Amino acid sequence: EETKDLARVRQSLIEELEAINWYPERIDASKNESVKKILKHNRDEEKEHAAMLIEWLRANDPTQDKMFEEHD
């Protein structure tokens, strides 16, 4: 079950990062300032979700946490 949870979190992180990548194009393409504001807000929420998932990985995958601490 632990392995499945790690895989679920990693897949969710991939999906959050993909979503973050979609927003700049949508923001740039819109001429409507209220739409831009909403899209920027949504993008930032996706960034919060990604951060939450990274923190969970750090707390539950000691090797991954070590890589954050020791990377070159």
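This is a predicted model: local features need pLDDT of at least 70, side-chain atom pairs count only at pLDDT 80 or more; totals for chains, interfaces and linings use all residues.

Entry 1, the core. I took a nonpolar core to be a set of buried Ala, Val, Leu, Ile, Met, Phe, Trp, Tyr and Cys residues joined through side-chain atoms within 4.5 Å. Buried means under 20% relative accessible area, exposed means over 50%, and partly exposed lies in between, with a 1.4 Å probe and protein chains only. With that, I found that the largest nonpolar core has seven residues: L6, V9, L13, I20, A50, L53 and L57. Two elements, α1 (2–29) and α2, each give two or more residues to this core. Helix α1 gives the most, with four residues.

Residues are numbered from 1 along each chain as its sequence is written, and side-chain values use heavy atoms, with hydrogens and water left out.

I looked up the helices and strands, which are DSSP runs numbered from the N terminus (helices H or I, at least four residues; strands E, at least two). The protein chain has three helices and zero strands. From the N terminus on, the order is α-α-α.

I looked up the radius of gyration, taken over C-alpha atoms, and the globule rule, which is 2.2 Å times the number of residues to the power 0.38. The protein chain has 15 Å, whereas a compact globule of 72 residues would have a value near 11 Å. The C-alpha trace spans about 45 × 30 × 15 Å along its principal axes. Of the 72 residues in the chain, 24% are buried.

I used contact to mean heavy atoms within 4.5 Å. Among contacts between residues at least 6 apart in sequence, 60% join residues at least 24 apart. Which residues does A50 touch, leaving aside its neighbours within four places in sequence? I found L13, E16, L17 and I20. Of these, L13 and I20 are listed with A50 in the largest nonpolar core.

Is A19 buried or exposed? A19, found in helix α1, is buried because its relative accessible area is 8%. From A19 to E2 I read 26 Å, C-alpha to C-alpha, for 17 residues apart in sequence. R8 is also found in helix α1, and R8 is partly exposed, since its relative accessible area is 44%. R8 and L57 are 49 residues apart in sequence and 11 Å apart in space, C-alpha to C-alpha.

N42 has its place in helix α2 (residues 33–60). Its relative accessible area is 25%, so N42 is partly exposed. The C-alpha atoms of N42 and Y23 are separated by 8.2 Å, and the two are 19 residues apart along the chain. E33 is found in helix α2 and is exposed, because its relative accessible area is 58%. Between the C-alpha atoms of E33 and R43, ten residues apart along the chain, I read 15 Å.

I counted Lys and Arg as positive and Asp and Glu as negative, leaving out His and the chain ends. The protein chain has 12 positive and 19 negative side chains.

Conventions
The place of a charge is taken as NZ of Lys, CZ of Arg, CG of Asp or CD of Glu.
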